[in-house]
Amino acid sequence: QSARFSPDRAVNRDKILLYWDIGRGIVERQKTLGWGESVVELLARDLKAAFPEMRGFSARNLWYVRRFFAEYAEPVILQQLAAELTHRAGDGGSGLEVLAKLQQLAAEIPWGHHMLLLDRIPDAKARLYYLRATAQLGWSRNVLLNQIKAQAYERVVLEKKTHNFAAALM
């Protein structure tokens, strides 16, 4: 069964990494070159023309792609990851290493999950919690939605309650 899903995971990983790079390009160019909001619509049109067989380049999706990078690369998330890496390995690494770790983590879950997290979870720390849990436990989008509705982050982090998913799955 693992072999059946392996090609799907590789395609998903590549798509998420592509979206990460496109999102970073948009965010960086808007900051450094003063690109406005209309660049997203122009980019969508150009990408559709250059790659007519590919899906995912609508203006609406590119706004998600931009938001995906901008919100996942928030200092709060990066600082939390750096602190955890420091705690585990004794060295948090450079900012680029922390960003690469976050990118790697993001590539482990499907795009629809990211869109759900962006729409439903405004808090960066909560988003990181759900991102990790989904990657670690293999939550489907429906399970992720149910965990969000059940306020799993608030229960686990704020109320110090835990779950037995790993033990129950063995």
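Glu-71 and Arg-127 are both buried in this predicted model. Buried means under 20% relative accessible area, exposed means over 50%, and partly exposed lies in between (1.4 Å probe, protein chains only). Accessible areas come from the Shrake-Rupley method with a 1.4 Å probe, and for residues only the protein chains shown count as cover. Glu-71 has a relative accessibility of 17%, so it counts as buried. Glu-71 and Arg-127 form a salt bridge, with their closest N and O atoms 2.9 Å apart. A salt bridge is a side-chain nitrogen of Lys or Arg within 4 Å of a carboxyl oxygen of Asp or Glu. This pair links distant parts of the chain. Glu-71 sits in helix α3, Arg-127 sits in helix α7 (residues 124-137), and 56 residues separate them. Helices (H or I, at least four residues) and strands (E, at least two) are DSSP runs, numbered from the N terminus.

Salt bridges with shared partners join Arg-67, Glu-71, Asp-119 and Arg-127 into one network. Glu-71 and Arg-67 are four residues apart in helix α3, so about one helical turn separates them. An α-helix has 3.6 residues a turn, so residues three or four places apart point the same way. Arg-67 is partly exposed, because its relative accessible area is 26%. Asp-119 belongs to helix α6. Asp-119 is partly exposed as well, at 46% relative accessible area. The C-alpha atom of Asp-119 is 9.5 Å from that of Tyr-64, although the two residues are 55 apart along the chain.

The structure has four salt bridges. One of them joins the side chains of Arg-24 and Asp-21, at 2.7 Å from N to O. Both residues lie in helix α1 (residues 2-32). They are three residues apart, so about one helical turn lies between them. Arg-24 is partly exposed at 26% relative accessibility. Asp-21 is partly exposed too, with a relative accessible area of 38%.

The protein contains 10 helices and zero strands. From the N terminus on, its elements run α-α-α-α-α-α-α-α-α-α. Of its 170 residues, 38% count as buried. Residues are numbered from 1 along each chain as its sequence is written. Local features need pLDDT of at least 70 in this predicted model, side-chain atom pairs count only at pLDDT 80 or more, totals for chains, interfaces and linings use all residues, and side-chain values use heavy atoms, with hydrogens and water left out.

Helix α6 (residues 111-120) also holds His-114. His-114 is buried, because its relative accessible area is 0%. The side chains of His-114 and Tyr-72 are joined by a polar contact of 2.8 Å. A polar contact is a pair of N or O atoms within 3.5 Å; within protein, one must be able to donate a hydrogen and the other to accept it, and residues adjacent in sequence count only if both atoms are side-chain atoms. A polar atom of the His-114 side chain also lies 3.5 Å from the backbone oxygen of Ile-109.

In helix α2, the buried residues are Val-39, Val-40, Ala-44 and Leu-47. Seen down the axis of α2, they fall within an arc of 140 degrees, so they line one face of the helix. The arc is that of the directions from the helix axis to the C-beta atoms. The face turned away from this buried side carries the exposed residues Arg-45 and Ala-49. The length of α2 also agrees with expectation. Its 13 residues should span 18 Å at 1.5 Å a residue, and its end C-alpha atoms are 19 Å apart. The expected span is 1.5 Å times one less than the number of residues.

Leu-18, Phe-51 and Met-54 make a nonpolar surface patch of about 230 Å². Patches consist of residues with over 30% relative accessible area and no salt bridge: like charges are joined within 9 Å, nonpolar side chains (Val, Leu, Ile, Met, Phe, Trp, Tyr) within 5 Å. Met-54 lies in the loop between α2 (38-50) and α3 (59-72). Met-54 is partly exposed, because its relative accessibility is 36%.
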